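Please look over the sequence and the model before reading on.

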Amino acid sequence: MILDLLWLLLPIAAATGWWSGRRSTRGSDKSRPCPALPGDYVKGLNYLLNEQPDKALELFVRVVEVDSDTVETYLLLGSLFRRRGEVDRAIRIHQNLIARPHLEGQHRATALLELGKDYTRAGLLDRAEGLYKELLSTRYLKGEACYELQKIYEQEKDWLEAIRSAEAYQSTSGDSQQSVIAHYWCEAAEQQRQAGRPRLASDYAKRALVRDPGCARASILLGDIALAGRDSAQAVKHYARVAEQDPDFLPVVLPKLRASYAGLGDQSGLSKLLSRFRGRKHDSETILQVIRDLLERGEEPAAREALIEEIGKQVAPVRLLREYVALEQTRFEGEAAASLRLVERVLGEHLQQWFAYRCNHCGFRAKNLFWQCPSCHQWGTIKPYDSPDDNLSGGRYV
């Protein structure tokens with residue numbers, strides 16, 4: 001269907017361009033007969049009929065006069081080619097438009113933008129970048145050019161340039177990029193951290209918090225830097241802030257908090273923190289940390305009672321059930337203990353198929369945390385996911 005539309009548009013565009021070019025020569029002399037279709041037009045139709053679309057395309061875009069009556073058709077045709085993956089054809093159309101000396105500024109800018117998208121789709125990022133920068137020197141489509149540059153620098157992982165383009169796009173379009181810019185600073189911080197420059201990494205992470213005070217990722221990163229530098233007090237400070245910024249990320253920082261409190265020699269600090277959020281956030285990881293903390297202090301009856309209470313509240317308490325079965329084994333021997341071990345193993349096998357993270361924007365699921373969704377490319381939309389019961393029902397995941 002789309003293919004038919006493409007080849008219908010091509011000769012129509014050609015005929016319209018020919019007609020509009022000839023119409024101006026007739027003036028007001030209505031008695032003057034309309035000239036016959038040019039031979040190149042007929043030749044182009046023959047190419048189409050003989051399934052030689054490339055020759056037809058080359059002929060039409062070369063011989064047809066492009067003006068305000070035809071340029072929109074050609075832009076649409078080029079966009080359709082790109083969407084179908086026929087990037088070479090899209091590039092030829094848009095290059096031909098740009099080469100026309102009398103093309104008005106708005107149409108030329110649109111053709112530049114579309115050609116840049118063609119190059120991006122083809123992986124020719126340097127060429128696309130050059131076109132978008134050229135657009136920035138005109139008075140047209142500056143916001144769109146900034147946005148496309150932002151996406152190119154994302155692909156190239158040039159985070160400082162991505163930040164500059166995002167700021168320019170925000171200034172031009174009014175569309176807030178603060179949260180995205182915060183993630184760019186975090187990405188730049190990760191680069192510096194991997195390069196062995198923790199001070200610069202820390203500075204970049206702090207800049208992320210300036211852009212977005214609710215950026216839990218920046219706090220996690222600052223905590224990781226502090227913990228690696230054996231500054232347990234600062235690590236606790238940063239990790240604890242995550243619980244205030246976004247309690248959904250408590251499962252991510254709880255093991256880090258435990259290590260940080262251990263570095264301080266504070267046996268009760270984690271318990272106090274967990275007690276503040278236990279009533280607010282009923283995720284399995286938070287509850288399991290509470291249970292394990294009770295067990296470490298030798299309070300087995302309290303741990304058992306807390307587990308039973310929470311199992312009654314949870315919608316999908318598979319992790320809690322496994323923990324409870326493991327705890328109950330200590331009370332039995334022989335066949336009863338063996339049966340409980342079997343149940344624990346089956347529950348564990350089920351949990352192996354549990355996707356721990358899910359994108360709140362597109363539903364993408366993963367076993368590892370991504371800060372940018374690999375599916376919809378949104379930033380900060382993937383969060384810990386605490387319902388394993390429907391993890392076996394399909395969907396996009398890795």
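## Basis

The model is predicted: local features need pLDDT of at least 70, side-chain atom pairs count only at pLDDT 80 or more, and totals for chains, interfaces and linings use all residues. Residues are numbered from 1 along each chain as its sequence is written, and side-chain values use heavy atoms, with hydrogens and water left out.

## Nonpolar cores

A nonpolar core is a set of buried Ala, Val, Leu, Ile, Met, Phe, Trp, Tyr and Cys residues joined through side-chain atoms within 4.5 Å. Buried means under 20% relative accessible area, exposed over 50%, and partly exposed in between (1.4 Å probe, protein chains only). The largest core has 52 residues, and L97, Y132 and Y184 have the most contacts inside it. Helix α10 (residues 178-194) supplies the largest share of this core, 8 residues. Another core lies apart from it, with 26 residues, including I220, Y357, W371 and C373.

Helices (H or I, at least four residues) and strands (E, at least two) are DSSP runs, numbered from the N terminus.

## A buried serine

S165 belongs to helix α9 (residues 159-173). Its relative accessibility is 7%, so S165 counts as buried. Contact means heavy atoms within 4.5 Å. Neighbours within four places in sequence aside, S165 is in contact with C146, L149, Q150 and Y153. With its own such neighbours left aside, Y184 has contacts that include Q150, A162 and A166.

## The sheet

Two strands pair if DSSP finds at least two bridges between them. Three strands form an open sheet in the order β2-β1-β3, with antiparallel pairing. Its edge strands, β2 (365-366) and β3 (382-384), each pair on one side only. Strand β1 (residues 357-359) is joined to β2 by 2 bridges. The partner of Y357 in β2 is A366.

## Salt bridges

A salt bridge is a side-chain nitrogen of Lys or Arg within 4 Å of a carboxyl oxygen of Asp or Glu. The whole structure has 16 salt bridges. One of them joins the side chains of E114 and R82 (2.8 Å, N to O). This pair links helix α6 (residues 105-121), which holds E114, to helix α4 (residues 71-83), which holds R82, 32 residues apart. E114 is buried at 11% relative accessible area, and R82 is buried at 9%.

Another salt bridge joins R207 and D203 (3.2 Å, N to O). These two are 4 residues apart in helix α11 (residues 198-211), so about one helical turn separates them.
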